[in-house]
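Work through the exercises below with the sequence and the coordinates open. Each task is followed by its solution in steps.

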Amino acid sequence: MQALSLIGRNARSVMALRSRRIAAARWFSAANHDGQNKQIEDAMRTILSELGEDPSREGLLKTPSRYAKAMRFFTQGYQQDLDTVLNKAIFTEDSDEMVMLRNIELFSMCEHHLVPFHGRAHIAYLPRGKVVGLSKLVRVTELYSRRLQVQERLTKQIATALQEKLEPHGVGVVIECVHLCMAMRGVQKPHSTTVTSCMLGDFRTDARTRNEFLHLVRSAPFTHMTGMGVSEQISQTQSARIFESDGVHVERTQKATEFYDTLLGGHSPNSLRPASGNHRSMGNALIMGAGDYEKDNSESTSSSSGEDSGSASTAKGSPQRSQHFSTIEIGKDDMMFNAAHFTVFSAQERESLHGHTHAVRVAFTGPVGEDGMVENYQVFKKRVRELCDKWDETYLVPGHCRHLNIREEGERVVIEHNGVAQDLPKNDCRIIPVRNVTLEELSMLFLRLVVGESEVSKSSWADEKNIVAVSVKISSDGGRGQWATTSWSKQQGFGVPLSLF
């Protein structure tokens, strides 16, 4: 009887909790806001009429109702409180090292113009015996951003709330946002980013703690929101001169040798990897020019073949002209593809089928021609876009995965793994020559397609365009998170045998 009584009490508790959740969810519905929503709807009809529109026409008939519901959602933070959001997810933990959550996406409404601003928040705290669930940092951000706000107040509210509830040694919050009130109207500067910060406790009083936090913020993965790419990385770390136009970045620098060696497939001066032949790093090529490189190669060739240095070619005495090398990075917003895939972890385990928006950036390096360009930028953009289009809105299937059995049956592609079969429409499938659909494999395959390497012909698209190095970056979340980078250079190649692919 006691057991039955306990089961009954538990069941009633579960039902009560479920009822409260359902009630909370219904709170935002129009049914529970008939009076208030009606006032908003009437006001919106008045606004539409004042703007010269007809609120009764088909396209606008339900707009006042939709607007009222949307505004309820945008400002739902007013109906939430901090204790409910934290939900007792504060735990005792013997830790005093910095805890940081970066790149928390946020959307809010500017209280001055009632238009959105959006961006990302970085939050860190130094625990004093208590830690909070990581998801609660996101929820606290949502609590205060889903209101009519100014970014300065939003930043301080998040920091103050965490300081009061966790009582840590200190809290640091940095928020970066694009404000549509500055992009769509007024000064109309869509690429301007507003950065605000709030430092409390040790983050304010201890310069070392504050600098560590800000360093981690600066090293957060670059996103499409800021459009930051290779050029900006060099400009921040190497004081390079940057020229930017229409999504194309041109680097001309004399202090980025080691950066280019790593990026373009060479090796750094202190690398233990031996140079193959008369190796010339791309960093040195950028500094010294291709003319010296050709001269070095010709001297090496003549000495190895035993030719007389006083041949007819050198007897003319015409000095070789030093060439200027530059790197063009292409990173337009439409250079991306939406694709579904799954990653195979073992013969028994794999992900379920899911989708990603993959952002692509490609950097091309070559000598600057007589027209002051490596190549017509449109040629590069067209090549990248064409490759993205081939994979857009498709299922990417790893054709060389050792744990999959793939076969075609009529208009379907059947994929078997661990005794379980999944079939997909053939027209939407792309069986690609990779071992697994990961960022590492995709960036390598995309790089090979960009370079245009062929097992039949020694020449490639890169050779035709006089490109000496290419680097491909691919992200699985539209450029907001992690990236995989794979590079090719004319001297070093891909570093992976073509037969493997």
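**Exercise 1. Charges over rings**

Over the face of which residue does Arg 350 lie, and at what distance from the ring centre?

Solution. Before starting, note that this is a predicted model, in which local features need pLDDT of at least 70, side-chain atom pairs count only at pLDDT 80 or more, and totals for chains, interfaces and linings use all residues. Residues are numbered from 1 along each chain as its sequence is written, and side-chain values use heavy atoms, with hydrogens and water left out.

Step 1. Apply the criterion: NZ of Lys or CZ of Arg within 6 Å of the ring centre and within 35 degrees of the ring normal.
Step 2. Arg 350 is found over the face of Phe 342, 4.1 Å from the ring centre.
Step 3. Lys 473 gives another case, with its charged end over the ring of Trp 483 at 5.0 Å from the centre.

**Exercise 2. Aromatic pairs**

Find how many aromatic pairs the whole structure holds, and describe two of them.

Solution. 
Step 1. Rings of Phe, Tyr and Trp (its six-membered ring) pair if their centres lie within 6.5 Å; planes under 30 degrees apart are stacked, over 60 edge-to-face, and the rest tilted.
Step 2. The search returns five aromatic pairs.
Step 3. One of them, Phe 337 with Trp 391, is edge-to-face, at 5.4 Å centre to centre and 80° between the planes.
Step 4. Phe 337 belongs to strand 11 (residues 336-341) and Trp 391 to helix 15 (residues 377-391), so this pair ties together parts 54 residues apart in sequence. Helices (H or I, at least four residues) and strands (E, at least two) are DSSP runs, numbered from the N terminus.
Step 5. Phe 364 and Phe 380 are stacked, because their ring centres are 4.2 Å apart and their planes at 10°. Strand 12 (residues 354-367) holds Phe 364 and helix 15 holds Phe 380, so parts 16 residues apart in sequence are tied together.
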